[in-house]
Every structure is written in structure tokens, then in C-alpha cells.
Amino acid sequence: MTSPTAPGIAAGRIAAEQIAAGFADLHAPLAPHEVNVAADRCYFCYDAPCVTACPTSIDIPLFIRQIATGTPEAAARTIFESNILGGMCARVCPTEDLCEGACVREAAEGKPVEIGRLQRHATDTLMAQQGHPFTRAPETGKRVAVVGAGPAGLSCAHRLAMLGHAVTMYDAKAKPGGLNEYGIAAYKSTNGFAQREVDWLMGIGGITLETGKALGGDLSLDALAEDFDAVFLGVGLGGVNALGIAGDDREGVANAVDFIGELRQSADLGSLPVGRNVVVIGGGMTAVDAAVQSKLLGAENVTIAYRRGREAMGASRYEQDLAASHGVRLMFNVQPHFVHDGGINLEYTTDDGDGLKGTGETVTLPADQVFRAIGQTLTTDGGLTVEGRKIKVSGAGRTTRDGVWAGGDCALGGDDLTVTAVAQGRDAAMDIHAALTGA
Amino acid sequence: MADLTTDFLGIQSPNPFWLASAPPTDKEYNVRRAFEAGWGGVVWKTLGAEGPPVVNVNGPRYGAIYGADRRLLGLNNIELITDRPLEVNLEEMARVKADYPDRALIASIMVPCEEQAWKDILPRVEETNADGIELNFGCPHGMAERGMGSAVGQVPEYIEMVVRWCKQYYQRPVIVKLTPNITDIRKPAQAAKNGGADAVSLINTINSITSVNLDAMSPEPMIDGKGTHGGYCGPAVKPIAMNMVAEIARDPATRGMPISGIGGITTWRDAAEFMALGCGNVQVCTAAMTYGFKIVAEMKSGLSQWMDEKGYASTADFVGRAVPNVTDWQYLNLNYIAKAKIDQDKCISCGRCYAACEDTSHQAIAMSADRTFTVIDEECVACNLCVDVCPVQDCISMEQLPSGRTDPRTGKLVLDDYANWTTHPNNPGAVAAE
């Protein structure tokens with residue numbers, strides 16, 4: 001076995017059992033009694049703030065009351081009616097910034113109702129049962145192309161199929177799921193949950209999946225618009241922003257999303273190489289996911305280098321603490337300067353209100369591996385109008401082209417969250433339905 | 001440290017906390033553990049007549065109602081009186097009393113309504129040196145079907161008759177335990193007094209079905225697919241019990257008669273409330289069955305601390321203090337006007353007060369876009385529902401409108417004189433104020 005202190009980038013730095021333990025479910029399912037105790041804490045607020053805080057507006061007090069009264073299946077239906085990916089959202093949502101952050105018990109005691117874990121309890125319960133909980137409306141004869149089988153596309157496809165439309169869903173990758181499958185830390189989606197969820201979702205019927213087909217590759221928007229009654233684009237952000245510094249192209253400098261994707265697809269984490277010294281550039285969820293997982297693979301030193309202060313960090317305080325508790329060092333107000341052999345030079349920054357500036361003071365960290373996590377970019381716009389580096393949309397995801405909708409990370413207005421993508425996909429589906437049927 | 005020593009009917013006990021006649025006091029082993037834990041007295045589980053003892057069911061005897069986190073709020077039982085031979089119980093009682101002379105030991109008795117039955121058992125109980133007897137006229141299940149328990153307690157004439165026998169054949173104090181399964185609790189209490197009883201104790205358990213098994217379609221606890229009504233007790237029955245205690249305490253016919261309070265007493269505060277309503281001591285069962293005998297330590301320390309804070313030197317100082325303030329609705333002051341007030345610093349914006357008031361009451365709470373909740377004095381009738389449903393203690397309070405102010409709801413001046421329904425112009429039976 002290689003040791004954590006072995007130089008360079010190497011696999012198997014720690015024992016397989018240790019790796020397995022590290023990558024176990026971050027939030028273990030609630031035990032039956034814990035469910036009752038957690039559900040009992042909900043106050044059933046009027047016009048509840050948690051619902052307002054949920055991008056998909058799940059009726060949280062109702063589903064918790066349904067759990068509390070012994071009907072988690074009914075609770076799950078309440079969840080899925082608003083958010084068909086409620087299972088994944090229960091695992092990956094930054095609840096501390098959304099529902100649980102808005103919970104009145106957070107205000108009262110600093111201890112919100114455990115909405116995320118209760119949602120997982122309900123959705124796990126129903127998904128473990130046979131069959132799909134919803135039935136399709138009679139066929140409408142309308143056909144819709146959904147490009148991208150990530151959270152936005154899946155949500156859109158399911159809603160359209162349920163309303164009786166025939167959906168063909170395309171994805172560039174070999175597997176559907178998008179970032180749920182390729183872009184989220186493994187300890188948030190264990191035991192192949194992302195694929196199980198897609199399979200379960202497809203149980204509605206009326207959705208045909210074609211993988212390995214990308215817009216700009218096998219697919220063109222013109223052809224899709226010609227062949228289908230409507231098109232929904234949920235293609236995400238395929239590109240990764242470059243660091244724009246000397247040494248950006250050196251060996252050992254990679255995209256955090258690629259590292260995470262490779263890790264998610266690996267059948268043997270012990271065979272996955274990781275640096276002894278890892279530096280992640282960025283301050284969002286992806287940075288934390290890459291940093292924590294590097295540590296869990298056995299890297300000796302892992303640092304997140306973020307160019308602004310803690311308060312500006314995209315990752316929630318919970319995620320920051322998660323990183324810190326795994327031994328990841330958080331550095332603030334530093335920006336990459338240049339990458340050299342075995343290390344990275346960072347420059348301290350200051351913001352005097354006139355934009356971020358380097359101070360001239362630098363620090364060098366040893367680095368065998370540097371991960372870029374400073375945001376992603378649209379790789380394909382299908383010729384649509386782009387605004388703010390995203391596809392311009394108005395209303396429920398209407399692009400500037402008739403008959404074409406967009407949602408999720410690729411569209412304007414998203415905030416790069418699974419749950420937001422689900423909401424946009426769902427709302428676009430309702431708008432498409434209205435447009436196609438005049439309903 | 002306040003002195004908790006209690007004198008009830010001349011029976012001394014180191015504190016007012018007795019264990020009620022029930023499973024916890026069925027035998028020597030339990031009672032010794034109770035005394036070691038610090039209980040002031042016990043009422044030994046009900047003795048039956050000599051001969052083959054009763055038998056209990058061999059399935060579940062209890063059913064429960066839960067609050068959050070499976071906190072037991074109500075318990076229901078179908079257990080009968082002691083199923084051990086009379087002589088065994090009597091021997092054990094004598095031994096325990098000899099070993100714990102400072103503790104109260106009362107024998108609960110239930111035998112048929114025949115003079116001979118009482119004449120037979122009472123001398124034998126007297127020989128144990130028990131401090132007194134409690135007549136079980138309360139159990140609503142099982143024994144009532146055989147003409148005992150609540151079947152007696154529901155007929156005041158029987159109560160009076162049996163009490164007379166007891167006073168005739170037994171020299172020590174006689175306590176009559178009343179059933180709440182009756183329309184007017186004052187009648188059996190009056191009967192007990194007329195018969196010469198030294199005290200009443202109440203309440204016994206309330207007839208109940210705690211739950212229905214929706215698979216088997218049978219009441220719980222279920223015995224081979226069937227269930228029966230049982231006796232309900234525990235925290236859930238406390239309000240019912242306290243009202244009955246207060247009714248007896250303020251009834252001119254029974255005023256001053258000693259009362260031993262029973263019914264959902266779980267904490268020192270519950271005990272203090274019963275005692276303020278006129279109980280010389282209290283009896284506990286469900287709390288002990290839920291948490292074990294150790295709870296008496298909290299009851300003693302809590303009552304003692306409260307008495308010190310209030311300056312009560314002995315329990316007699318506060319027993320009955322709340323009785324004069326229990327009145328009839330018609331005597332409540334209609335000139336007393338209050339309004340709800342929400343403490344915005346304490347409010348967590350859950351909106352339960354709003355939902356309750358808007359949906360089910362007087363539309364007297366306003367909700368702003370930023371979830372600030374405020375009382376609309378023009379609509380508020382001070383019903384208190386918002387206070388009751390608010391999850392934050394002391395967040396909403398009822399504040400009295402001082403006299404001289406105008407009530408924005410009625411447009412009328414708040415008066416500082418007392419006026420009640422008996423003289424109100426809307427009352428067709430009103431009498432002129434004198």
C-alpha cells in the first residue's frame with residue numbers, strides 16, 4: 001500500500017476499509033424512532049417559511065405531518081408532486097441555506113426540523129415499494145425532445161410524460177443523471193442512487209432515452225425543432241473555466257468536475273490516484289466536494305484556496321465545516337498566481353470596494369494536484385441568444401426561439417442547484433404542455 | 001428547606017406524596033422499594049374478600065396515548081384488584097408497616113355490598129396496623145360488572161350504607177375513593193360524608209377506549225381479538241380530576257372535608273395545584289408506572305423549593321388556597337377586559353396564532369408580508385387561543401386594559417367596578433344590583 005505521504009500522485013494511499021468508511025452515506029437514514037421525534041418537532045407553520053425557501057415549493061409541513069401520522073407514502077407523494085427528484089434533493093440540497101435555514105425552529109433554537117432527512121425517509125420508503133406512484137394521462141400525440149438528462153431534463157421529461165406527451169430524452173454522456181451521476185460527492189449519493197432514481201422516474205412510461213448524443217454533435221437544434229413539437233434544453237454547463245495563469249496546462253492540473261466524475265464512476269476507489277498535496281481553486285460546492293473526496297482518498301494535505309473571504313464563499317457554512325472537519329485547510333483571500341513543478345504560487349487579494357486586486361504578497365504551497373473549481377461555462381447554445389454567459393430565457397424557461405425552452409444550469413436565472421434545475425424543468429414542462437394543448 | 005411533613009386525618013407522613021392503590025402497591029417487594037425511594041405513603045392495592053382471589057387476563061392490561069417522542073400522556077388499564085390471597089397481603093402489610101412506622105400505609109378494600117363481607121374483612125385489616133382504609137368505589141372495569149367498584153360509587157345510597165358499616169366495624173380513618181364516571185361528583189362525596197367518612201379521594205380512572213386496532217378492528221388492549229373499556233389515567237385526566245376536586249372543595253355540603261387528590265399527578269407542580277384546590281395530600285400512580293419510583297425525589301425537591309420561594313412553612317399553609325377563587329361563570333367580572341399582545345422579540349414567525357385566529361376565531365391577528373404578526377385590538381376578544389397554540393412560552397400574553405381606556409372593539413369605556421352576568425341587562429333573569 002502507498003502511504004499518504006508518498007510523493008506525487010498515487011493510488012491506494014489508505015486501506016480500502018478506511019476509504020469505504022469515508023465514502024459512506026454522509027447523512028445516514030433516520031431510524032424509525034428518530035423519524036417520529038424529528039417529525040414531531042415540526043410546528044406546522046402557517047404559510048410556512050420552509051416552503052417559501054424551497055425552489056420547488058414542496059409542502060413541507062404537510063409531508064412532515066403525513067410522516068408523523070404513519071403515512072410516509074402519502075408524504076412522498078406530496079414531495080414528488082412538487083419535485084420528482086425529491087430523493088436526490090433530500091441528499092444534496094444545501095438545506096441549511098434553504099428549507100432548514102428558514103425553519104422557525106432555526107430562529108428559535110438554532111436547531112431546525114431535520115427536513116432533509118425526513119424527506120429522505122419519505123422518498124426512500126415509497127421508492128422501495130413496487131411500481132411508480134404516478135400514472136400517465138392519455139397520449140396527447142405530441143412529441144417533445146429533452147436534451148440533457150440531468151435534474152432539469154429529468155424533471156421536465158417526467159412532467160411531460162405524465163401529462164401524456166411522448167418524450168425523447170438525449171444525453172451526451174453514457175449514463176443519464178447529469179451532475180447527479182457525475183458531479184456530486186459520492187458520500188451524498190451512495191449505492192448507485194442516482195441511477196436507481198432515474199430508473200424509477202422513467203417508470204412513468206412515455207420517455208425514450210438516447211445516450212451518447214450531444215447538441216452540436218449528433219443533434220442540432222434545427223433538426224430537433226423540425227422533428228418535435230417542442231424542445232427543452234437542459235444541457236448544463238459542459239466547460240470549465242480556466243485559471244488563466246502560467247502552468248494552467250501542466251500535468252496534475254485538472255478540472256474538479258472531471259475528478260469528481262471519474263471518482264463517481266470508479267468501481268474501486270483504492271485504484272484512484274490522488275496527490276499527496278492537493279490544492280483546490282474555488283469556493284463553491286464543487287470545490288468542497290473535490291477537496292473532501294481527495295482527503296478521503298488519502299491525500300495528506302488538501303487546501304481550498306478561495307480568492308475572497310469566507311462570507312462570499314458559494315459553499316454553505318455547513319459545507320465549509322464539513323471540509324474543515326475532514327482536515328481540509330480553507331484559505332481565504334488568495335488567488336492563483338502560477339503553477340510550477342510540485343507547487344502552486346498564490347497571491348493574497350484585497351477588495352477596497354473597487355474590485356478584487358492582488359496585494360503583491362505571495363505564498364507557495366506544495367501541490368502535486370491542482371483542481372480548477374472556479375465555475376463552469378456553457379459549451380453549446382444551439383444558436384440561441386445568450387445573456388450573462390447563459391441561454392436567455394423568460395417566463396417558464398422560454399428561449400428567444402419559438403418552441404424551444406431551456407432550464408437548469410445552462411439557462412439564465414438558475415443558481416446552479418439541483419433543486420432549482422428541477423423546478424425549472426417542471427415549470428417549463430407545464431408551459432410546454434400549455435403551449436401544445438392550449439390548456 | 002420547607003417541611004413537607006403532612007398530617008392527613010391524623011396520619012403522619014414525611015411528605016404528601018402517596019402511591020395510589022394500583023399495580024405499584026400490590027405487594028411487599030414494591031412497597032418496600034417505594035418507601036426506600038422516599039414515598040410518604042402508599043395505598044395498598046385493593047384487597048378482596050377471603051377465598052379464591054380474582055384472576056386477571058393473560059394478555060395486555062394497558063393501553064396508551066402518546067405525545068411527542070412517545071411521551072405517555074394517558075394510560076388505560078383493565079387490571080382487576082389484587083389477584084393474591086388476602087392473608088398474604090395482610091401479612092405483608094403488617095410487616096411493612098412495622099418496618100416503616102413513619103410512613104402512611106392505607107388498605108384499599110373492595111368487597112361485596114353486604115354487611116357481613118365488611119364485618120369479616122375490617123378486623124383483619126385493623127390487625128395489620130395499617131393507618132386507615134380506602135374504599136374502592138371507583139374501578140370502572142371488571143369488578144363493576146360484579147356489582148363492586150364504580151357500580152357502588154355510582155349509587156350514593158350504597159356509598160353511605162357501606163361507609164356506615166366501615167365506621168361501625170373499623171376504628172381508624174375511612175377514605176372513600178370516588179369514581180369520576182358519574183354526572184355530578186358532589187353527590188357521592190355528600191353520601192360519603194353523610195355516612196361518616198373521614199375523607200374522599202379522587203378521581204379513580206375514567207371509562208375509556210384508548211385506541212382501536214384498525215387491522216383487527218378491535219379496541220386496544222386487545223385480548224384474542226376483543227377489547228373492553230378500561231380505566232383511563234395519567235396526565236391527560238388531570239384537568240378532569242382537578243375540576244371534580246374543586247367541586248367538592250367548594251360545595252357547602254362537603255366544604256372542609258379532607259380530600260386526597262388523584263389524577264395524572266406527574267410533577268411537584270401538579271401536586272401543588274391539586275393541594276391548592278383543597279387536597280390535603282396527593283396520590284400518584286401513572287407517573288411512577290412510567291418513570292419508576294425515583295420521580296418522588298423531584299416532587300419533594302420541587303415542592304419544597306416552591307414552598308420556600310412562597311414562604312409556606314408547611315403544606316397546610318397552602319392547601320385550599322385556590323378554592324375561594326373557583327367560582328361559577330355567572331360571577332366572572334364582565335368588566336375585566338384584556339387584549340393579546342405579541343412580544344416581537346420572542347416571536348419566531350411560525351404563524352400558528354394567525355392560522356388559529358384567522359381560521360377558527362376572531363380574525364384579530366394581522367400578518368405582514370415579512371411575517372410580522374400583530375394583534376388587531378379592534379377585533380381581539382382576548383380568547384387566549386393564540387397564547388395556547390403559540391409554541392414559544394411567554395411570547396403572547398394577555399394584558400388587561402386599564403380602567404378609563406376605551407376598548408377599541410366595543411368603543412366602550414373600561415370600567416373598574418365589578419359587574420357580572422347576574423346583573424347584566426342582556427340577562428333575562430337579571431337581578432337589580434343592590
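**Figure 1. Where chain B meets chain A.** In this predicted model, 14 residues of chain B are in contact with twelve residues of chain A. Between them the two chains bury about 1,000 Å², and carbon and sulfur atoms account for 65% of that area. On the chain B side, look for B:Asp69, B:Ile348 and B:Arg371, which lose the most area to chain A and together make up 43% of what that side buries. Helix H11 of chain B (residues 352-360) gives the most to this side, with three residues. Sorted by class, the side of chain B that touches chain A has seven nonpolar, three polar and four charged residues. Across the interface the rule finds zero salt bridges, while six residue pairs are in polar contact, both partners being at pLDDT 80 or more.

Figure 2. Setting aside residues up to four places away in sequence, A:Leu118 touches A:Leu30, A:Val35, A:Ala38, A:Ala39, A:Phe63, A:Ile64, A:Ile67 and A:Val113.

**Figure 3. Helix H5 of chain A and what covers it.** The helix spans residues 72-82, and A:Pro72, A:Ala75, A:Ala76, A:Thr78, A:Ile79, A:Phe80 and A:Ser82 are buried. Five helices of chain A can be picked out in the cover over these buried residues, which includes H4 (60-68), H6 (86-92), H9 (115-127), H12 (193-202) and H17 (418-437).

**Figure 4. Helix H6 of chain B among its packing partners.** Within residues 186-195, the buried positions are B:Pro188, B:Ala189, B:Gln190, B:Ala191, B:Ala192 and B:Gly195. These pack against helices H4 (150-153), H5 (156-169) and H7 (238-250) of chain B, and against strands E9 (174-177) and E10 (199-202). After the helix comes B:Gly196, with a positive phi near 100°.

**Figure 5. B:Thr254, in the loop between H7 and strand E15 (259-262) of chain B.** With a relative accessible area of 0%, B:Thr254 is buried. The side chain of B:Thr254 reaches the backbone oxygen of B:Ile248 at 2.8 Å. Not counting residues up to four places away in sequence, B:Thr254 touches B:Ala189, B:Gln190, B:Lys193 and B:Ile248; B:Ala189 and B:Gln190 are also among the buried residues of helix H6. From B:Thr254 to B:Arg186, the C-alpha distance is 8.0 Å, across 68 residues in sequence.

**Figure 6. B:Thr46, in strand E4 (residues 41-47) of chain B.** B:Thr46 counts as buried because its relative accessibility is 2%, under the 20% cut-off. A polar contact of 3.2 Å joins the side chains of B:Thr46 and B:Ser21. Beyond B:Ser21, the residues that B:Thr46 touches include B:Ile81, B:Thr82, B:Ser108, B:Ile109, B:Met110 and B:Asn136, with residues up to four places away in sequence left out.

**Figure 7. B:Val387, in helix H12 (residues 385-389) of chain B.** Here the residue in focus is partly exposed, as B:Val387 has 26% relative accessibility. Leaving aside neighbours within four places in sequence, B:Val387 is in contact with B:Ile396, B:Ser397 and B:Met398.

Definitions and conventions
Residues are numbered from 1 along each chain as its sequence is written. Chains are lettered from A and ligands numbered from 1 in the order in which they are written. This is a predicted model: local features need pLDDT of at least 70, side-chain atom pairs count only at pLDDT 80 or more; totals for chains, interfaces and linings use all residues. Side-chain values use heavy atoms; hydrogens and water are left out. Contact means heavy atoms within 4.5 Å. Buried area is the accessible area (1.4 Å probe) that two parts lose on being put together, summed over both. A salt bridge is a side-chain nitrogen of Lys or Arg within 4 Å of a carboxyl oxygen of Asp or Glu. A polar contact is a pair of N or O atoms within 3.5 Å; within protein, one must be able to donate a hydrogen and the other to accept it, and residues adjacent in sequence count only if both atoms are side-chain atoms. Helices (H or I, at least four residues) and strands (E, at least two) are DSSP runs, numbered from the N terminus. Ala, Val, Leu, Ile, Met, Phe, Trp, Tyr, Cys and Pro count as nonpolar, Asp, Glu, Lys and Arg as charged, and the others, Gly among them, as polar. Buried means under 20% relative accessible area, exposed over 50%, partly exposed in between (1.4 Å probe, protein chains only).
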